[in-house]
Amino acid sequence: MGIKKVEMSAADPIPLVTPYKMGNFNLSHRVVLAPLTRTRSYNNVPQPHAILYYSQRASQGGLLITEATGVSDTAQGYPNTPGIWTKEQVEAWKPIVDAVHAKGGVIICQIWHVGRVSNSCYQPNGQTPISSSDKSLTSSHAQQFTPPRRLSTDEIPDIVNDFRLAARNAIEAGFDGIEIHGAHGYLIEQFMKDEVNDRTDEYGGSIENRCRFALEVVEAAVNEIGADKVGIRLSPFAEHSECGDSSPKELGLYMVNALNKYNLLYCHMVEPRIKSAFEVVDNSPHSLVPMRKAFNGTFIVAGGYDRQDGINAVAENKTDLVVYGRLFLANPDLPKRFALDAPLNKYNRETFYTSDPVLGYTDYPFLD
């Protein structure tokens, strides 16, 4: 797949708002809602106010990815994040999914396990968080982390099974598919990246071994709900939560080539310029283009895109779809605003993670 430079005239359609067929889904535009933790799911149960939040951002043929959703009671690391491991949680997701479908939208549930990015206060019976390793994460003023416990080899299939059941529950809730969260320093990346993974069993050492857990999760989900309903998010170049890798390009290429045999719905990758939640590199020497060329299916990019960046990325065939987080959070009608080149609401970072059911959540104004 070649990467081409395209010159556009004013009369041409805007590439970011042109239709795209992703698997069985006919998307009307290429602007995707990013998976955004919003900490408003009290007691890990999605709340009625999320119905409005997601339906506000739904559009005919538009793709939404939910906030990261826990696969089990050990998967949590933040207050008021949703789960999908209990019947109550599955039932609570149903009206949210229905509201998005009523507007003609497509909604994917991102499933995660935070691993060591946790504190025993979020764990069942106050137990120790689990990880690929027993390496501690440096605590900050904002967050205190409990040193993790290294998973034994024979415990790993149980965690894979938690992802499998979460995938099944997502389909039960009516979701169009799932996205496996293999990015940003959480459990799957704690296995994949050599800064954290110091194992000497079949899950450590070589790149193949370090990626084994991720691919077992993919295979379990594919076998449970079908490859046409499974996507994955990866951030090989990022260093979130002290989770970097010595050969990120090699890691990214190994993963996309390994994923090709599953015919997944999509691969969603974070741009190299996003090093962590607090660090953006303006002139990273790395690029996602080699992974884009290597991956056979729908390719989605995320990481600091504005309207023009997104237009250019699609026009130059560097991606199929573009994920927007902060801009979509603050502009529920973002695809429409991009189509019209309308002004954008400014986001308020102070209210990203409050637990208020309205403030900074469903109170951003629409164009009209």
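Mentor: Helices here are DSSP runs of H or I with at least four residues, and strands are runs of E with at least two, numbered from the N terminus. The model is predicted.

Trainee: What percentages of residues 16–341 are helix and strand?

Mentor: UniProt, in an unreviewed entry, lists residues 16–341 as "domain: NADH:flavin oxidoreductase/NADH oxidase N-terminal". The end C-alpha atoms of this stretch are 11 Å apart. Its chain is 32% helix and 17% strand.

Trainee: How much space lies in the largest pocket, and which residues are closest to its centre?

Mentor: The space in the largest pocket is about 1800 Å³. Its lining has 49 residues. The closest of them to the centre are H240, S276, A277, F278 and Y353.

Trainee: Which element gives the most to the lining of the largest pocket?

Mentor: The space in question is the pocket of about 1800 Å³. Two or more lining residues come from each of β6 (106–112), β12 (274–276), β13 (279–280), β15 (321–324) and α10 (326–330). With three residues, the element that gives the most is α10.

Trainee: How many residues in the lining of the largest pocket are charged?

Mentor: The lining is divided by class into nonpolar, polar and charged residues.

Trainee: Which residues are closest to the centre of the second largest pocket?

Mentor: This pocket holds about 320 Å³ of space. It is lined by 19 residues. Closest to its centre are E271, R273, S287, Y305 and K318.

Trainee: How many residues in the lining of the second largest pocket are charged?

Mentor: Eight residues of this lining are nonpolar. Another five are polar. The charged residues number six.

Trainee: What is the volume of the largest cavity?

Mentor: A cavity is a set of points where a 1.4 Å probe fits but cannot get out. The count is one cavity of 30 Å³ or more. The volume of the largest cavity is about 30 Å³.

Trainee: Which helix gives the largest share of the lining of the largest cavity?

Mentor: The lining consists of M192, L234, S235, P236, L251, G252, M255 and M269. By class, six of these are nonpolar, two are polar and none is charged. The largest share, three residues, comes from helix α7 (residues 248–259).

Definitions and conventions
Residues numbered from 1 in each chain as written. Predicted model: local features only at pLDDT ≥ 70, side-chain atom pairs only at ≥ 80, totals over all residues. Heavy atoms only, no water. 1 Å grid on protein atoms, 1.4 Å probe; cavity = no way out; pocket = protein on both sides within 12 Å on 5 of 7 lines; lining within 4 Å. Points joined across faces, edges and corners; volume = space filled by probe spheres on them. Nonpolar A, V, L, I, M, F, W, Y, C, P; charged D, E, K, R; others polar. UniProt positions renumbered as here; feature names shortened; annotations may be inferred.
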